[in-house]
Each structure stands twice: as C-alpha cells, then as structure tokens.
Amino acid sequence: MTNTEYRRFVREFNQAGFQATCLGLAGETGELLELIKKREYHGKNISKERIKDESGDLLFYLIGLLIEEDLSLEEVMSFNADKLRTRYPQGFRKG
C-alpha cells in the first residue's frame, strides 16, 4: 500500500472526528510504549508482529491527525529532518 492509498483509506475509514483521533493517538502511543517497557525492563519477549500491530494503530491515528490539519506526512518528515539536522548536527548520541 502506498502513502497515498493509506491516506485515502484513513480519510474514508476514520469518521470519529478530531478529538477522538487525538485521543486514539495518545492511547496507541501508550500501548506501544507499554510493549517497549515490558521488553526493555521486564525481559519479556515482544514479537515484531506485536510492535507492527501497535505501530500500525499509531500510524492510523497520526495520519488521521495530519488529515485533520491538512498536512502531508512528507511535509512533516521534511520539516522534522531539517529541524533535527539544525538542532543536532552530529545526530543523536547516547548519554
């Protein structure tokens, strides 16, 4: 599926509105982070399939938010990359 196809799918499928989309984004972020916490701090074996599942839910709501705000994923990615290159010219480093 292309970005354009997925965006069309989200636009047609997600009829919940702005507030529900924002709440969904927050909730799915928490679910993904809970899996990471279990893996990193509790030694649980978390499959790529579970990460993919929660990441997909997170992506759905993120794209929904971008649609609501009339932004494209490409526009956001480009803006973010430029901002981070300026802020961290050497990239992120541990510590």
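Mentor: One term to begin with: a salt bridge is a side-chain nitrogen of Lys or Arg within 4 Å of a carboxyl oxygen of Asp or Glu. Keep in mind that this is a predicted model.
Trainee: Okay. Which residue forms a salt bridge with Asp82, and how far apart are the closest N and O atoms?
Mentor: The partner of Asp82 is Arg85, with the closest N and O atoms 3.4 Å apart. That is within the 4 Å cut-off.
Trainee: Where do Arg85 and Asp82 lie?
Mentor: In helix H4, which covers residues 73–87. Because they are 3 residues apart there, about one helical turn separates them.
Trainee: Is Arg85 buried or exposed?
Mentor: Arg85 has 56% relative accessibility, so it counts as exposed. Asp82 is at 42%, so that one counts as partly exposed.
Trainee: Why would such side chains pair at all?
Mentor: Opposite charges can pair when the charged atoms come close.
Trainee: How many salt bridges does a search of the whole structure find?
Mentor: The search finds 4. Among them is one between the side chains of Glu34 and Lys37, at 3.1 Å from N to O.
Trainee: And where is that pair?
Mentor: Both Glu34 and Lys37 are in helix H2, residues 18–42, and they sit 3 residues apart, about one turn of the helix. Glu34 is partly exposed at 32% relative accessibility, and Lys37 is partly exposed too, with a relative accessible area of 35%.
Trainee: What about Glu49 and Lys52?
Mentor: Their side chains meet in a salt bridge, 3.5 Å from N to O. Glu49 and Lys52 are 3 residues apart in helix H3, so about one helical turn lies between them. Glu49 and Lys52 are both exposed.
Trainee: Switching topic. Which residues make up the largest nonpolar core?
Mentor: That core has 6 residues: Tyr6, Val10, Phe60, Ile63, Leu66 and Ile67. Two elements each give two or more residues to this core, namely helix H1 (3–13) and helix H3 (48–68).
Trainee: Which element gives the most to this core?
Mentor: H3 does, with 4 residues.
Trainee: Take Ile63, then. What is Ile63 in contact with, leaving aside its neighbours within four places in sequence?
Mentor: Tyr6, Arg7, Val10 and Leu73.
Trainee: Good, that gives me something to look for.

Terms used
Residues are numbered from 1 along each chain as its sequence is written. This is a predicted model: local features need pLDDT of at least 70, side-chain atom pairs count only at pLDDT 80 or more; totals for chains, interfaces and linings use all residues. Side-chain values use heavy atoms; hydrogens and water are left out. A nonpolar core is a set of buried Ala, Val, Leu, Ile, Met, Phe, Trp, Tyr and Cys residues joined through side-chain atoms within 4.5 Å. Buried means under 20% relative accessible area, exposed over 50%, partly exposed in between (1.4 Å probe, protein chains only). Contact means heavy atoms within 4.5 Å.
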